[in-house]
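This report describes the fold of a single protein chain, from its overall composition to individual residues. The sequence and structure are shown first.

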Amino acid sequence: MTSLLERLSAERNRRFVGRGRELELFLHTIASRELPFHILQVCGPGGVGKTSLMKQFLRFCERSKIPAIYVEARNIEAAPESFISTLHSLMELKESDSLLDVLADRRERNVILIDTYEAIAQLDEWLREVFLPYLSFNTLIVIAGRNPPSSGWCSDAGWQAVMHTLPLGNLSPQESQTYLTTRGIPTRQHQAILDFTHGHPLALSLVAEVFAQGKEISFQAESAPNVVKTLLERFVKEVPTPAHRMALQACAVVRLTTEASLNQILAVPENTSASEIQFLKEILDVHDLFEWLRGLSFIESGQWGLFPHDLAREVLIADLRWRNPEFYTELHHRARQYYTKRLGQTQGAEKHRVLLDYIFLHRDNSDIRSCFTWGEQSSLLTDSLRETDTTALLLMVAQYEGEESAKIAAHWLQRQPQNVVVFRDSHSEPAGFAMMVALHTATVEDLTADPGASASWQYLQTHAPLRLNEGATIFRFWMARDTYQVVSPTQSLIFINFVQYFQKTPGLAYTFLPCAQADTWAAMLNYFDLARLPEADFTVGGKHYGVYGHDWRIVSPTVWQEILARKEVGIAVESVDRTPASEPLLVFSQPEFVEAVQNVLRNFNRPDVLQNNPLMHSRSVYEAHSRLVSKQVATKASMSQNLKDTLLFEKSASGHLGDGCGEQSHRVNALQHLVKQAVESLQSSPRDEKLYRAVYRTYLNPAPTQEQAAELLDLPFSTYRRHLKAGVMRVADILWQREIS
């Protein structure tokens, strides 16, 4: 009859998946005639499967008839006497037997397995200096713990020669799917589970238990707080203070943590009292907090900063969003402020990194998460085109898009070489490139040679004509050498470069982005406010390309950034989602704009008429309206100690576009405010002062008739009319420059 112990062992073995490399190493080691090393250090974060692997090692010893002792360190006191007493008992020695003598005299192969080593970290020096050196040459000691070997092991030439370190990571996607299948998890749920667990064994096991209790569910981290709680306890045994917890949460929210970013995100609020500032400064020692983060087993150190293991990040964020969504939003806000400031201070490769940090704040959105790689990408260098690059770039185009496209690329390389960005690998070879073709400088010959550029130019003529000093760009070719346009570090850097391009290019009115697989990018590009433009699609060499576009005259880079900021943490405000992309604004010619300004002035004090003015749909009014709302929100926020109240106020202050009266009224106020500012700005110039008086007395604070206005200004009627006409044109010009800037 099978015992319960045997049944438990069989079930554990049945559910054990993966670790083929680690098991092969162990089997080879214990079977070797002479041990290749005497210390095997297995290290990895909590829940990664160290204990399960140690149990497998123990099974292999039993099957090979090799004597083995398994020590669970968390069950013993961190004292030499307790350790020796435990081994004495496990080996079933007589009371009179000396443990060290017995172990030293062993001639056959034997194994000592010490699990949860961090629990007896105080014994590390004693074990290394006193106990282990006197064991038999045939003894293999396997140590499993959260932390890598201490400096005492690594700095000693002797131990270096007889020690092997085995870092333990998560299971691969294939191994994870095998485990989920073994546990009977429906296949349709696998991807969502893998996205959360990243192959972490304990996480996979806990989620499997959730399904075992109720299989008809759709897994989401926030819906399983007990899973998150258990994982969090495995990662973080103890958080010393609330400041340490804040630092840990901040580290989870941002892509990379540095002392500078941590200092900004944990900065003391401006409205804090002097006594509170002193207290907070005492507990918010950013240097110490950073060093504490650096020492955690699930935090990794990279070239540009610290970052958590993937699952640790998922767990920390899921717990924070469930426990304190207001503070989660506040952390995003502080991080966004820091990166916005950094964007204005950086250039080149550093600016690329900051942009990736900025976009990382949108990672919680599923449409964005899958479209970027979030690693450090330190091996990729952004560079300009070199003469020696031409052959490699054209070979890329020919490989993925065909010879006909390669001929078009060769044409543009010759015509606009300054608009090509090359991404180089560690050997300075092109790993990918992006070609930004300036349509407004292209000749008829250029457009005739390229169906893609021609289609975009025709779209502009039909739907969004360029005005004086405005430009348009098509990101005509973009690809990675090894992966073309699919998600990769190179593709992510290309997209970051696109963002940098439209932020720094003056006079940019329109951008076009053609994609070989347009539907694949639909969710992400729509999120970033790029509209699908079927009229601009084109075909080259039998391959069809779908085109997305954005009119920067309608949604400027500044407004675009504000829209994304609201989407960042999923604020469900109706007016946020109704961006100008879904309620198109108007792009005016200068004569149309001047006529609309004249109409506003004539009806300045008639809101019912102004609501039908074309300028209600201008970019200037939209931005002015947004600023007024933001000012109201900021005022409310400064009075409120509850961020939730602020967000609710933002919803009411913004108004609903479905509520015609409220929204139209806000827009009319913004239009009047904008025009009044332009009129009043005339007072700053002695030459324009007389124009201001004519406009003011005619439209803003009008006399009953123009004749009476001239009389009040003590001017001949003809002079008054001349001043008025000049004043109106001056106001129109001020507003026009604002509209097109």
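## Basis of the model

The model is predicted: local features need pLDDT of at least 70 and side-chain atom pairs count only at pLDDT 80 or more, while totals for chains, interfaces and linings use all residues. Residues are numbered from 1 along each chain as its sequence is written, and side-chain values use heavy atoms, with hydrogens and water left out.

## Overall composition

The protein chain contains 36 helices and 15 strands; these are DSSP runs numbered from the N terminus, helices being H or I of at least four residues and strands E of at least two. Of its 741 residues, 50% are buried (under 20% relative accessible area, with exposed over 50% and partly exposed in between; 1.4 Å probe, protein chains only).

The accessible surface comes to about 35400 Å², and carbon and sulfur atoms hold 51% of it (Shrake-Rupley method, 1.4 Å probe; for residues, only the protein chains shown count as cover). Among contacts (heavy atoms within 4.5 Å) with a separation of 6 or more, 73% join residues 24 or more positions apart.

## Nonpolar cores

A nonpolar core is a set of buried Ala, Val, Leu, Ile, Met, Phe, Trp, Tyr and Cys residues joined through side-chain atoms within 4.5 Å. The largest has 85 residues, and those with the most contacts inside it include Leu262, Trp478 and Phe528. Helix H25 (residues 489-504) gives the most to this core, with 8 residues.

Beyond its neighbours within four places in sequence, Phe528 is in contact with Ile359, Ile368, Phe372, Trp560 and Leu564. Another core lies apart from the largest one and has 38 residues, among them Phe593, Val668, Leu682 and Val695.

## Helices H13 and H16

In the pairing of H13 with H16, Ala243, His244, Ala247, Leu248 and Cys251 of H13 meet Leu289, Trp292 and Leu293 of H16. The residues of this contact divide into 7 nonpolar, 1 polar and no charged (Ala, Val, Leu, Ile, Met, Phe, Trp, Tyr, Cys and Pro count as nonpolar, Asp, Glu, Lys and Arg as charged, and the others, Gly among them, as polar).

## Two buried residues

Tyr400 lies in helix H21 (residues 390-401) and is buried, with a relative accessible area of 18%. Its C-alpha atom is separated by 8.8 Å from that of Met479, 79 residues apart along the chain.

Asn419 occupies the loop between helix H22 (403-415) and strand E9 (420-424). Asn419 is buried, at 15% relative accessible area.
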